[in-house]
Amino acid sequence: MKSLIQKLVETVGPSGYESAVRDVVRAEVESLADEVRVDPLGSLVARKGSKGQDGLRIMLSAHMDEIGVIATHIDENGFVRFTNIGGVRPHTLNGGRVRFTNGTRGVIFMERQDAPDRLPGLDQFYIDIGASNRQDCPVRVGDVAAFDRPFLDLGDRLVSKAMDDRISVAVQIETLRHLKNTPHELYFVFSVQEEVGLRGAQPAAYGIDPEIGISVDVTATGDIPKSPFGKMDVSLGKGPAIKIRDGRMLSDPRLVTLLIETASRAGLPYQLEVLEGGTTDAAAIQLVRAGVPSICVSIPTRYIHSPSEMVDYRDVQNAVHLLVELLSKPIKLD
Amino acid sequence: MTEKSSAPSQVSSLDTAPVDLLEKLSNAVGVSGDESEVRNIVLEQVKPCAEQVKIDALGSVLVTRQAKVENPLRVMLAAHMDEVGFMLVNKEEGGLFGFERVGGLDVRQVVGKPVWVGKKHIPGVIGARPIHFTNAEERSHIIPLDTLRIDLGPGGGDLAKVGDRATFATNFEQVGPTLRGKALDDRLGVATLIELVKNPPPNIELLAAFTVQEEIGARGARVAAHAFNPDMAIAIDATPANDLPAWDETENARYNTRLGAGPAIYISDAGTLSDPRLVRWLVENAEEAGIPYQIRQPGSGGTDAGAIHRQRAGVPSISLSVPVRGAHTAILQARLEDWKNLLALLYTALQRLDRKWLELERR
């Protein structure tokens with residue numbers, strides 16, 4: 001699974017420009033699913049199973065897109081000005097590198113700071129792709145890039161850009177691979193444009209009209225020095241997190257109970273997650289049409305929205321086991 | 001990236017931009033939520049020619065023009081009828097009204113301006129304390145909105161009521177190559193859409209939405225898109241040209257768009273990542289037909305496309321705008337040539353549009 005993760009995280013796919021990731025996903029799921037289609041906004045939908053007597057129509061969603069940048073201006077000296085795609089944090093940028101969808105690579109740096117005690121704004125950064133003037137610069141206004149950082153395997157811990165949310169893309173692919181039988185009609189959605197406001201999952205859910213929605217995404221942890229998330233009771237290595245709530249969703253309590261019972265029965269470690277800010281595709285899915293009972297299975301992740309996001313490989317594998325267990329059996333929501 | 005063999009090689013063009021119609025539209029008072037004055041002009045223009053005209057529950061005008069071919073692409077075009085402005089919220093003695101802003105208006109743009117109140121365009125003034133009675137400290141701060149009033153003069157209290165809308169009182173004019181008016185955002189789009197309804201490209205089913213409440217969150221476009229359920233959508237709007245020099249010898253890197261450089265094609269704004277297939281479709285058609293165009297700088301702001309593309313199972317969408325200086329102020333300026341080129345590009349590209357553009361996956 002590590003090589004699949006590496007392939008996924010090293011692919012360039014900022015929001016709105018996920019096609020290269022989609023190609024990787026399709027190559028993996030084509031032989032595993034009963035039907036694969038791409039929706040109008042670019043999400044890939046892989047169906048497995050048909051709705052039987054004890055089955056439900058269930059949508060899973062992991063987003064293919066990652067945060068990135070988009071060129072706004074090429075100045076006369078060939079420096080590229082840019083703005084963000086999704087939640088880019090200025091303090092993670094300086095000295096970092098980017099790779100454009102056309103293959104061009106460059107380094108980010110910032111102008112002299114007149115107020116060094118304040119965080120600089122994005123308009124104070126530029127990308128140097130090695131051009132000396134506007135004419136030589138192969139980047140055009142509107143070209144998009146992702147942060148460029150190689151995959152790092154530390155044993156149990158894996159580090160890369162775009163773990164958010166390729167790690168969950170990998171989890172969904174592996175779940176599909178290991179799921180032998182299911183009473184359900186399962187739609188594995190590899191969604192687009194999550195980082196810019198859950199724009200892909202909402203229409204995908206409308207098209208599928210599911211009876212249960214499950215997003216698979218990363219969540220923050222409280223197990224680092226002075227965590228920005230305070231005393232958050234989620235750590236790396238203690239199992240996938242079952243979301244109770246986040247900034248925009250209250251998980252359906254029946255699904256929380258069901259996932260806890262499923263994990264306990266299978267002897268899988270799990271954690272309970274209360275995330276105060278941020279949200280996932282499930283927040284969009286739950287509000288589609290007449291409403292969808294929804295939940296999120298989270299992969300605990302350090303340093304989210306930085307070029308070095310860290311997960312624990314055992315959490316990733318246990319997330320697959322948990323989902324396979326859950327989806328193999330009939331589900332009754334009373 | 002697509003073969004164009006099935007598309008017509010000869011396309012007709014729209015040679016004239018209806019400036020008289022734009023004048024009428026720009027001078028109408030149509031602040032978000034009370035677009036009826038604009039709607040009446042739209043209805044008067046489209047009713048004689050359209051197969052179907054409907055006013056939806058929120059007040060948008062939904063017009064359908066049938067294609068002349070079988071199984072046509074169903075293309076939604078949206079232009080918003082509403083404009084930013086004011087609402088009277090508190091009646092006081094002597095024809096004075098307290099007011100609030102509707103939509104994104106900079107309070108610094110409000111002071112000292114004449115306004116029109118309500119459908120009868122009752123003339124008023126937003127006054128402020130003159131320089132004689134202010135000190136340097138006071139003048140260095142923004143005047144708070146709650147200290148300003150719309151002044152309709154003696155008896156004015158009988159002419160307007162709380163809830164009435166008001167706009168800047170700016171009469172439309174054409175000055176050489178420049179169009180000036182208060183509501184070019186988005187009456188330029190409305191006039192464009194009327195022109196297309198009158199001259200529909202025969203190869204598509206034209207679904208024209210004259211929307212309400214764009215300036216307060218694209219509320220009209222959202223339900224209009226649900227109703228139309230289109231194959232794809234284009235928002236026609238006006239976008240700021242912040243193209244004056246930076247004045248401090250630095251390069252202006254945040255121009256957004258430039259006046260006179262052609263219609264602005266969107267790649268990304270705060271609400272939409274345009275469908276790259278549609279970006280290529282517009283760019284290729286512009287280049288083949290020799291029509292000037294510019295790429296709007298990716299950044300903030302939004303159009304009806306932000307709401308439309310998320311409706312139902314998703315709608316491939318893009319925006320195309322006329323650049324305007326002074327957006328959301330008392331006087332906006334556009335170049336007639338940019339508008340003509342927007343009409344030309346839109347009309348040319350639509351006539352060459354076929355399913356191939358959307359049969360390929362988004363990439």
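Start where the chains meet in this predicted model: 24 residues of chain A are in contact with 19 residues of chain B. On chain A's side, pick out β4 (68-74), β5 (80-85) and α4 (201-208), the elements that each give two or more residues to the side touching chain B. Which of them gives the most? That's α4(A), with four residues.

The largest nonpolar core has 100 residues, and Val80(A), Val171(A) and Ala205(A) have the most contacts within it. Where does this core sit relative to the domains of chain A? Select domain 1 (2-66 + 161-328) and domain 2 (68-147) of chain A: both give residues to the core, so it lies between them.

Zoom in on Ala205(A). Leaving aside residues up to four places away in sequence, Ala205(A) touches Met59(A), Pro210(A), Gly213(A), Ala284(A), Ile285(A), Val288(A) and Val292(A).

Last stop, the domains of chain B. Colour domain 1 (19-83 + 182-359) and domain 2 (85-168) separately. Their C-alpha centres lie 31 Å apart. Where these two domains of chain B touch, 13 residues of domain 1 are in contact with 14 residues of domain 2. On the domain 1 side of that contact, you'll find five nonpolar, three polar and five charged residues.

Notes:
Residues numbered from 1 in each chain as written. Chains lettered and ligands numbered in written order. Predicted model: local features only at pLDDT ≥ 70, side-chain atom pairs only at ≥ 80, totals over all residues. Contact = placed C-beta atoms within 7 Å. Domains from an automatic or database assignment. Nonpolar A, V, L, I, M, F, W, Y, C, P; charged D, E, K, R; others polar. Core = buried A, V, L, I, M, F, W, Y, C linked by C-beta atoms within 7 Å. Buried ≥ 20, exposed ≤ 12 C-beta atoms within 10 Å, placed from the backbone.
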